[in-house]
Amino acid sequence: MVASTLSAAPVSPTPDALAAAFARTAPLYEKVRRVVPPADWAFLAEDAEAILRLKRERNAVILAHNYQTPEIFHCVADIVGDSLALAREAMRVDADVIVLAGVYFMAETAKLLNPGKTVLIPDQDAGCSLADSITAADVRLMRAAHPGVPVIAYVNTSAAVKAEVDVCCTSGNAARVVKSFGVPKVIMLPDQYLAKNVAAETGIDIISWAGQCEVHELFTAADVRELRAANPGVTVLVHPECPPEVVAEADFAGSTAAMSDYVSEKRPPRVVLLTECSMADNVAVHYPDIDFVRPCNLCPHMKKITLRNIRAALENNRHEVTIDPEIAARARGSVERMLAL
């Protein structure tokens, strides 16, 4: 549940104000100049500057997912990473206000782990096709159909769904969570492709749900072959939310954090990250010597988060995340059991 406060959006700056803000934020722009054109930064600088001031005034921190745009990821965020990293770090936050630059299930997870803090999401319509594909009632029906079988929920689910399962997982720790039960069969939902990929990795029978990520389901094995033909020697990294036949064609499959680590450790001369578009931009900032081939799919939900609405969230306490206490208590247990692994 999201509570919002309505107020006017920040007034658009004048050309002189844009130029002045650009000059004041030159060191900030240096972080992203390779991936953000100067003309774009002229319109981003004032909001970035305001956000940094508002964070100090409100004792606020910004948690940003790897799919956020570079000006958010590199210029205003305090903590960045994949879903697992954000969940871990959310527990250690020393702030009064958390702004989650990501989608709503991530904001709910931050609230679960910080019930006494104010958690804001800049756009309450930043959803997720996976989270929207399953309900708490669906989980109860699956339990009834498969009595005694452990139920694992991907973090890309609502708090209500998390409250109905035994433990949560992310793409980065899914195999470990599945194996932790020590049983031959588990239920894993809602991403059918992640479930199939983890089943192939672990040899465990996984009963899955018919959900999929609208970004990753679009990639095909033919895409990978065409990329290799057009870019000889390219290293192909894919996310495990991709269909199994795509994973089979890749050089490496892993979470967004694992992809970033692979680039850092292996330093492939030319690489493609088959995932959401901003991921390559955010990683490329650190590696000017690597050629990033950039076929990607845009997540319309992640792109609902902007510097402008992050600023509005901080200025107006906009879109505060609240969760029913009874649901929160049970959902928190599922997340904490994941983190304990």
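Biologist: Which two cysteines form a disulfide, and how far apart are their sulfur atoms?

Modeller: First, this is a predicted model, where local features need pLDDT of at least 70, side-chain atom pairs count only at pLDDT 80 or more, and totals for chains, interfaces and linings use all residues. Residues are numbered from 1 along each chain as its sequence is written, and side-chain values use heavy atoms, with hydrogens and water left out. A disulfide here is a pair of cysteine sulfur atoms within 2.5 Å. The pair is Cys 277 and Cys 296, with sulfurs 2.1 Å apart.

Biologist: What is the hand of that link?

Modeller: Look at the angle about the S-S bond, which is 95°. That makes the link of Cys 277 and Cys 296 right-handed.

Biologist: Is Cys 299 buried or exposed, and which cysteine sulfur is closest to its own?

Modeller: Buried means under 20% relative accessible area, exposed over 50%, partly exposed in between (1.4 Å probe, protein chains only). At 11%, Cys 299 is buried. Its closest cysteine sulfur is 6.6 Å off, too far for a bond, and belongs to Cys 213.

Biologist: Which residue in strand 8 is the bridge partner of Ile 152?

Modeller: Strands are DSSP runs of E, at least two residues, numbered from the N terminus, and two of them pair if DSSP finds at least two bridges between them. Strand 6 (residues 151-154) and strand 8 (residues 185-189) pair in the parallel sense over 3 bridges. The partner of Ile 152 is Met 188.

Methods. Helices (H or I, at least four residues) and strands (E, at least two) are DSSP runs, numbered from the N terminus.
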